[in-house]
Amino acid sequence: QVQLVESGGGLVQAGGSLRLSCAASGSIFSIYAMRWYRQAPGKERVLVAQCTSGGSTYYADSVKGRFTISRDNAKNTVYLQMNSLKAEDTAVYYCHVQTNRGITWGQGTQVTVSS
């Protein structure tokens, strides 16, 4: 059973930075990919960033150049460094991990960007 604990959300001023963390724990498993999604009220949940075990990364056009996804293998933690934040980045951010056991979602963390 894989468990994800998200942290790092909060209120930040436009132009500022925030770092989200997602720590994975549980029985022995292999992580194939870790992702960050976000969802604003009335909108679909969308993928914003992805990193795979092979080292490839993906970023949505809306965050490219501003967000960076990274992973600390020793801590089994994935991060989302969010720079130059905009009001439109306001959303609940969800960690998503794909392992040999299947797919697990984090509980979500609120990010609010004020102008």
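Okay, let's start with a term: a disulfide here is a pair of cysteine sulfur atoms within 2.5 Å. In general, that's a covalent bond between the sulfur atoms of two cysteines. Keep that cut-off in mind, and keep in mind too that what you're looking at is a predicted model.

The partners are cysteine 22 and cysteine 95, with an S to S distance of 2.1 Å. The torsion about that S-S bond is about -85°, so we call the disulfide left-handed. Where do the two ends sit? Cysteine 22 is in strand β3 and cysteine 95 is in strand β9, so the bond ties together parts that are 73 residues apart in sequence. And are those ends buried or exposed? Cysteine 22 is buried, at 0% relative accessible area, and cysteine 95 counts as buried with a value of 0%.

Now, what about cysteine 51? Its sulfur has its closest cysteine sulfur in cysteine 95, and that's 9.0 Å away, too far for a bond. Cysteine 51 is buried as well, with a relative accessible area of 9%.

Staying on β9, go to histidine 96, which lies in that strand. Histidine 96 is buried, at 5% relative accessible area. Which residues does it touch, once you leave aside neighbours within four places in sequence? You get Ala33, Met34, Arg35 and Tyr37 on one stretch of the numbering, then Ile103, Thr104 and Trp105 on another.

Next, the core. The largest nonpolar core has 30 residues. The ones with the most contacts inside it are Leu20, Trp36, Ile69, Val78, Leu80, Met82 and Tyr93.

Which strands contribute? β4 (31-39) and β5 (46-52) each give at least two lining residues, and β5 gives the most, with three. By class, the lining has six nonpolar, three polar and four charged residues.

Last bit: backbone. Most residues other than glycine have a negative phi. Which ones go the other way here? Asparagine 76 is one, with a positive phi near 50°. Asparagine 76 sits in the loop between β7 and β8, and it's partly exposed at 22% relative accessible area. Serine 84 has a positive phi of about 50° too, and it isn't a glycine either. You'll find serine 84 in the loop between β8 and β9, where it's partly exposed, with a relative accessible area of 40%.

That's my tour, thanks.

Key:
Residues numbered from 1 in each chain as written. Predicted model: local features only at pLDDT ≥ 70, side-chain atom pairs only at ≥ 80, totals over all residues. Heavy atoms only, no water. Helix = DSSP H or I, 4+ residues; strand = E, 2+ residues; numbered from the N terminus. Nonpolar A, V, L, I, M, F, W, Y, C, P; charged D, E, K, R; others polar. Core = buried A, V, L, I, M, F, W, Y, C linked by side-chain atoms within 4.5 Å. Buried < 20%, exposed > 50% of the residue type's maximum accessible area, 1.4 Å probe, protein only. Contact = heavy atoms within 4.5 Å.
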